[in-house]
Amino acid sequence: MKKRSLKQKLKYRFDNIMSKGTIALIGLLCLVTFVIVCIAGAITVLIGMEGGIASSIWVSFMHALDPGTITTDTLDNIPYVILQTVVTICGIFISSVLIGIISSGLESKLSSLRKGTSIVIEDGHTVILGFNDNIYTLINELIGANENQKDGCIVVVGEEEKEVMEDAIAGRFPDTKTTRIICRSGSPCEPHILERCSVETSKAIIINEYDDPQSIKIILALTSYLKDKELTHPNLYFTVAINDAQNVEAARIAGEGRAEVIFANDAISRIIAHTCRQPGLSQVLVELFDYDGDELYFEDVPSLRGLAFKDTLNYFDKAVVFGIRNDSGTYLNPPMDTVITADDKLILLEDDDGSFVVSEKTPEFKEELIVKELPEQRKVETDDLLVLGSNPMLPSILKEYDCYVDDGTRVVIVTDDDLDLSAEEYRHINPEIRKEGFVNRARMEEILTEDLDNVLILSNIHLEAEEADARTLLSLIYLWDIIKKTKHRVSITSEMRKTVNQRLATGSRGDDFVIGSNIVNLLMTQIAENRELTALFEDILDEDGSELYMKPIENYVLLDTPVDFYTVTESASRQGHIAVGYKKIIDDEMLIVTNPAKSEEITFVEGDLLIVVAED
């Protein structure tokens, strides 16, 4: 082994001390100062100055600490003056170095804080792992969910710089109301990053990733990290959206019971199938899924125990009873004679958690306004569908769509892909595939003359998100112009991949619906706040059991007569339906009202629709 010189060893030790940071350097300077003043104090005694060693060290220390002390020295003892001058110069040098070290240390600490490396000390916060275009929808919904809390907190973890994330969020949300947003930088798969954002003290975790393998990797990291941790909230779980069907089970296995997995493409397919044939239903679904307006809550209402489910419906002036929840499961629109027990919670659509008011007396309704015999059925839905474009979700959409339409329903698919649906089995539809490129305005107007009143525009996955969304927006512009000039009413459902583009297309017409990651984000946020909503949302979107429908109002109450919603609710319940709201067309504009005050009277006319939860 090569022998190292003393100089090399000292230099190595000095380098190690220098690398230990600000505190180590300050300690080294203190040691050097102590050595200098001790040596100076000893020399002072040796050259014959008065006072003991302690007094001499103190005087030397004052010279090192305060350069002005040297002005009090006299020239009676020249060696003493020279010695203290040297001590003073050393003190000036040490003070200068100390100031530099402290300044550098503070700058380093501020830089560290800017990078988001400190540990979050919070309890009951929501952690979002991943920073991308979806983050804004998630944050917006969580801000709404936290409005009834004094001090809500969201911790966002992303691989971007902390300042970049903070600036992006602040630009979108200048007022976060009662919610604080904290950003931390790092990979969500690293244990020290999970520790930094205190996932073990959080109340909910949302995994915000586009890529299924990355999402599953984060689930594994969370599961591994939480195994040895004492959780503040023992029922802590993480919500994640998975796009590929074959990855759904893998995500659940990786989560070991803590992962609430949303099959995103399946949810989107079901929502499209529901909304593209019932214009306006999209607004009802968004109302149920977001925190802007009314939401679904599980409420314990002791005063209604012992009543039949049907009798509970009218006990709330400003809330809609959707079903019941107990230990055996969630029941959307159960049989009307189901008796409410102490184990049951009512599923209420209400303004906020616990905002319901139970009527003190038996609700009254107007029997004379209830329809006793159903009139000749007026067809509400226009089932024929035009699909522009195709992607892997199309077979699932058509399969779901097939469950709700009549025999012979036309489905025309215009796409430039080599689409083959021969392996699919449909009961009511027979898709017609037309292989064409991008449909221009003239061709689109020609196709619409075939009485295809529902249009679905699917995103092209072969293109980049921005380019695909730009093509969808162009198709929408053509459709809007055709509708405006021909007065031909068309229900449009379009798919977009970027949130910013979804906002551009939203709000143009009341019966249009733009779907994409935003709807999945709404579901994720709701489920992150209440895990039990998963089963309820599946029931709402599933073809089995009860779903949301729009039915002619004349099936329930008399037209052209003021009627309150107590009477409407009673009439609907006699048919096994739950009245949720209504749809009216006023001056060619669609008005959708959910959870209306039951005491207010409305005059319905022909063409108005009642929004109900029903089995068919």
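The lining of the second largest cavity comprises, by class, six nonpolar, one polar and one charged residues, where Ala, Val, Leu, Ile, Met, Phe, Trp, Tyr, Cys and Pro are counted as nonpolar, Asp, Glu, Lys and Arg as charged, and the others, Gly among them, as polar. The model is a predicted one, in which local features need pLDDT of at least 70 and side-chain atom pairs count only at pLDDT 80 or more, while totals for chains, interfaces and linings use all residues. Residues are numbered from 1 along each chain as its sequence is written, and side-chain values use heavy atoms, with hydrogens and water left out.

Two cavities of 30 Å³ or more are present in the structure, a cavity being a set of points, on a 1 Å grid over the protein atoms alone, where a 1.4 Å probe fits but cannot get out, and lining residues having an atom within 4 Å of a point. The largest cavity holds about 250 Å³ of space and is lined by 20 residues, of which Leu 388, Gly 389, Phe 438, Leu 458 and Arg 471 lie nearest its centre. Helix α15 supplies the largest share of that lining, four residues; helices (H or I, at least four residues) and strands (E, at least two) are DSSP runs numbered from the N terminus.

Helix α19 (residues 565–574) is mostly covered, with nine of its ten residues buried, that is, under 20% relative accessible area, as against over 50% for exposed and in between for partly exposed (1.4 Å probe, protein chains only). Just after α19, Gly 576 adopts a positive phi of about 80 degrees.

The count of disulfides, defined as pairs of cysteine sulfur atoms within 2.5 Å, is zero. The sulfur of Cys 38 lies 13 Å from the closest cysteine sulfur, in Cys 30, too far for a bond, and Cys 38 is partly exposed at 23% relative accessible area.

Methods:
On a 1 Å grid over the protein atoms alone, a cavity is a set of points where a 1.4 Å probe fits but cannot get out, and a pocket is an open set with protein on both sides within 12 Å along at least five of seven lines; lining residues have an atom within 4 Å of a point. Grid points are joined across faces, edges and corners, and a volume is the space filled by probe spheres set on the points.
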